[in-house]
Each structure stands twice: as structure tokens, then as C-alpha cells.
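Me: I would like to learn how to read a structure with two chains. Please take me through it.

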Amino acid sequence: MQQGGGAEGQAAEEWRRPDGRAADELRPLRLEVGVLENAEGSAYGEQGRGKILVAVYGPTEVHPRHMEHVDRLTMLCRYHMAPFSTEERRRPQPTRRDIELSKVIREALEAAVLTERFPRSMLKIFIEVLEAAGGTRCLGITLASLALANAGIPMRDLVVGCAAGKYKGRIVLDLSEEEDKEGEADMAVAIMPSLNRIVLLQMDGELTREEFFQALDLAIEGCRRIHKMQVEAIKRKLQEGLALTPPTEEKE
Amino acid sequence: MSQPSTPSERILVVPGDQLPVTAAKIDHETIFRENEQYYSTVVGLFEQRQNRANVVRLFGPYTPKVGDVVVGIIIDEVLLGWKVDINAARPALLPFTNVPSRSKLSIGDVIVAEVADYGVSRGVVLNMREKRARTGRRKTRRRQTKKTRTKGRRLGRVTRGFLVAIQPSKLPRLIGRGGSMISAIKRGLNRDIIVGENGYLVLRTESLRKRQIFERIIRIIEAQAHTTGLTERVIKLLSESLSSFSLEHSSGESATGRGSGGASR
């Protein structure tokens with residue numbers, strides 16, 4: 001539908017992507033909150049084939065001490081792809097890409113976290129990509145903000161990430177790995193949906209000015225849809241306890 | 001079934017949710033204001049009553065407040081005092097000067113102390129000493145009233161009992177409105193419970209069975225903190241598990257009774 005109105009729009013509806021999706025369709029997404037017992041907060045998610053686990057530890061004392069900020073929280077973020085996450089085994093050391101993504105994800109989350117509430121403290125976020133299938137930084141951010149909410153860290157807003165890009169001349173939402181590789185452009189966007197603010201914007205490839213804004217609007221639309229699922233995931237976690245009512249009682 | 005609180009008053013919110021605040025006082029820990037709008041910063045239940053709006057957290061750790069009575073575990077000895085785990089973001093300091101001279105502490109001890117100071121850079125400073133009198137007679141009377149209050153707080157070393165942790169965000173639910181839930185549990189177990197405002201609880205009993213029941217109740221409260229009618233369910237569960245406890249005993253007795261009956265036949 002992004003390609004304009006009339007007959008062309010109809011054609012766009014019939015046109016399908018390699019995995020059978022429409023241009024503005026997200027991959028099937030599953031989000032879960034509070035999956036780890038040992039971490040203060042955690043989240044797990046699947047987007048298409050992609051699988052990511054996020055754990056949040058803290059706030060704790062800052063170690064190493066030189067990283068301490070006297071007026072705000074020190075956030076440490078590690079985005080990492082597991083050796084088995086790709087088609088061929090990947091060396092487990094963080095790559096340049098991992099380091100860059102850790103930084104941009106941290107900055108995106110720092111925009112939401114009320115860091116001034118925790119001076120001289122440290123928060124650790126671990127984003128572990130178990131299986132990579134495109135758009136991992138976006139899913140990583142979406143999950144990290146869920147894990148932060150799960151850890152009770154005060155935030156201005158949840159943070160949601162979603163990608164859009166250009167594949168075979170069309171602006172499409174939530175590119176898969178295949179589309180990312182073959183496509184003309186890939187754009188990762190993360191927003192704070194209630195405050196209506198962009199906290200991450202990265203692009204790879206070529207887009208015209210017009211296409212850029214189309215893709216941006218589409219990505220933001222995708223973020224808003226994922227945000228609803230985030231809220232549902234939190235509510236599901238809270239409801240979980242209800243199933244725990246005491247049928248165990250009878251056995252004893 | 002329904003609790004005294006009207007459900008319309010409590011709304012489940014997540015970070016970023018806009019809040020319909022009309023109250024004059026807001027809790028700045030959980031509510032964030034921007035462009036004349038109010039937003040929640042945590043996952044919790046938004047409440048508004050008597051000119052005060054706040055969000056009761058459903059996720060997260062203990063946030064210290066001066067005056068809180070907490071249960072802590074001594075984890076280390078440092079230059080000026082003891083380092084105490086109080087289930088917060090960072091360990092607290094219990095300076096030697098704030099320990100009454102009669103109590104001898106060592107690492108691993110469980111203590112009840114008061115949050116004397118909570119500074120941004122200092123962290124949490126604890127006090128185990130009932131407040132000392134200042135010079136001058138005028139304050140004597142006031143001191144006495146305060147002392148009777150500090151007596152109820154039972155600051156000091158915990159000598160016996162079990163330590164059980166509850167998620168601090170679920171603590172208000174354990175206590176219940178006006179302490180209804182906790183007093184029901186105390187009554188049900190016929191045992192005293194020290195409730196640290198940091199979520200560490202000490203059940204004063206040697207009975208493993210009572211500890212098990214208590215722990216199960218804590219886990220149920222944690223899991224169902226956001227539901228209504230929880231106090232009633234817990235009271236029911238408590239009486240059931242205790243009666244099954246006594247049943248076990250009586251059934252054991254009746255079994256021997258039957259056995260002896262059979263023998264006599």
C-alpha cells in the first residue's frame with residue numbers, strides 16, 4: 001500500500017514477500033517477561049526464526065569503580081550473538097558490530113531510564129542472540145525494555161524497536177535476514193511510543209528522501225503494534241500467578 | 001469476595017502510561033511529569049485517594065526510606081562498621097557507633113535495624129541503637145514516648161527463626177490493609193513474624209512444617225499480589241493446610257487406634 005493509490009495499491013496487496021508476508025506485515029512475534037529466576041529482570045522473544053534472551057542485573061555497586069558516575073546510573077549493555085546463532089559457527093568474541101550495537105542500544109535505553117535516580121550504581125543488561133534472523137537489534141531493544149520493567153527500574157516509557165527497509169523496490173516492514181541481504185536498504189528505528197520520541201535510528205543502504213520518510217513512518221507504525229504486544233506480555237506475566245492456585249494442596 | 005477498595009480506583013499501568021492524576025500530591029518515585037502530563041515509570045497499580053496519587057509497584061527491588069525498619073544479613077566487616085545485605089540495590093552500612101555495646105555481631109548474623117540515613121552518595125546507613133537522649137530535661141518525656149515505640153521495633157540481633165524473602169514490591173500485599181493479612185497469618189501459624197520493610201521476613205519458629213506453610217503462602221501472595229480477595233484465600237489456605245497438618249496427626253493417631261482395635265479383636 002505504500003506505493004501509492006489506485007491499481008498500483010492493489011498490485012501491492014497481491015505482491016508477496018519471500019516468506020509470504022505483505023509489505024506492511026510483521027513477522028510472527030512472541031514476547032515473554034520474567035523467564036529467568038537469577039536475574040532481577042528478564043525477557044525472551046521470538047520474531048520469525050530469531051530468538052533472543054535478555055537479562056538485567058542491578059542496580060548494584062559500580063565495579064570497576066572508575067566507571068562510576070556520581071550523579072547518575074552507569075549502564076552497561078552487552079549485545080552478543082551466541083556462537084550457534086548463525087548458520088556457520090561464529091567466534092564468540094564480541095565483534096566490532098556487537099560493540100557498536102551494544103552502544104546504540106544502551107543509548108536508546110538510557111533515554112528512557114530515569115538514570116538520575118540511581119547515582120553511583122550500575123545496571124547490567126545482557127542481550128544474548130540465540131538465533132539470528134534479521135532485526136535482532138530491534139528485538140533486543142524491545143526485550144531489554146521489558147526486562148528493565150520487570151526489574152522495576154523506573155522508566156519514562158517502554159522502548160520499542162522495529163525495522164523497515166527497501167526490498168526489490170518496495171518499502172517493507174520488519175525485514176528478514178534474507179530481505180536484509182538482498183534488499184536495497186535496512187533501517188532500524190526505536191521509539192518511546194507514549195512520549196512519541198525516536199531513540200534509535202540507523203540506516204544501511206540507499207533510500208531517496210521520500211522513501212526514507214515512508215520507511216520511517218512504516219517502522220514507527222510497526223513499533224506501535226509491537227508496543228501493544230509488549231504491554232500484553234507484561235500483563236500475561238502478572239496473570240501467570242493466577243494459575244498457581246493451590247491444587248497442590250490436595251496431595252498433601 | 002470483593003475487597004473494600006473499589007476496582008475502578010486501581011488501574012494496571014506500565015511505564016509510559018498516561019495517568020489521570022487529579023490529586024495534589026503525587027509520588028515522584030513512580031510518577032513522572034512532563035508537559036503537564038503524568039506518566040507511570042513502573043509496572044504497577046495506579047491508585048488515587050485523599051489527594052495522593054501513587055503507583056503500587058508490582059515488579060522490582062526495595063527502595064530504602066529513612067525510618068524504615070529492615071531485616072538484614074551481615075555480609076562483611078569494613079573499616080567503620082558492618083556491611084549489611086538489605087535486599088536493596090546496594091549493601092547498607094551499619095556503623096559500629098550505631099550498634100549497642102551489648103550486642104556482639106559477626107558475619108552471617110541476621111539483624112533488625114532502622115534506616116537512619118539514606119544519602120545519594122552515602123548509600124544506606126543503618127541504626128540498631130534506640131535513639132539516645134539529648135541533654136536537657138524538656139525532651140525527656142518525648143523521648144520516653146519514642147522509646148516505647150522503638151521497643152516495638154525490636155532492633156537488634158535475631159537469635160532464632162527462619163529468614164524468608166518476599167519480593168519487596170509485594171510486601172504491601174503481605175501486610176494487607178491495616179495489617180489484616182499479616183496478623184491473620186501470625187494468628188494462623190500462632191507464631192510471631194518480624195517483617196522487614198525491605199522484604200526480608202523472620203518467622204520465629206523451630207517448626208519446619210510451619211516454615212513450609214509460611215513459604216508457600218509467601219509465594220502465593222507474590223504470584224497473586226494484583227488480584228482481589230487474596231486475604232480471604234490466604235486465610236482459607238492457611239486454615240486448610242493447618243487442619244491437614246492436624247489431620248495428619250489425628251489420622252496417625254486413629255491409625256494406631258485402629259491397629260490396636262484390630263489387635264484386641
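Reply: Chain B holds five helices and 15 strands. Helices (H or I, at least four residues) and strands (E, at least two) are DSSP runs, numbered from the N terminus. The model is predicted: local features need pLDDT of at least 70, side-chain atom pairs count only at pLDDT 80 or more, and totals for chains, interfaces and linings use all residues. Residues are numbered from 1 along each chain as its sequence is written, while chains are lettered from A and ligands numbered from 1 in the order in which they are written.

Me: Why does B:P64 count as buried?

Reply: A residue is buried if 20 or more other C-beta atoms, placed from the backbone, lie within 10 Å of its own, exposed if 12 or fewer, and partly exposed in between. B:P64 is buried because 22 other C-beta atoms lie within 10 Å. Of the 265 residues of chain B, 33% are buried.

Me: Where is B:P64 placed, and which residues does B:P64 touch?

Reply: B:P64 sits in the loop between strand 6 (52–57) and strand 7 (69–77) of chain B. Two residues are in contact if their C-beta atoms, placed from the backbone, lie within 7 Å. Leaving out residues up to four places away in sequence, B:P64 touches B:A88, B:V115, B:Y118 and B:V124.

Me: How many residues does each chain give to the contact?

Reply: Chain A gives 34 residues and chain B gives 31 residues. On the side of chain A that touches chain B, the elements giving two or more residues are strand 3 (50–61), helix 3 (136–150) and helix 5 (209–240) of chain A.
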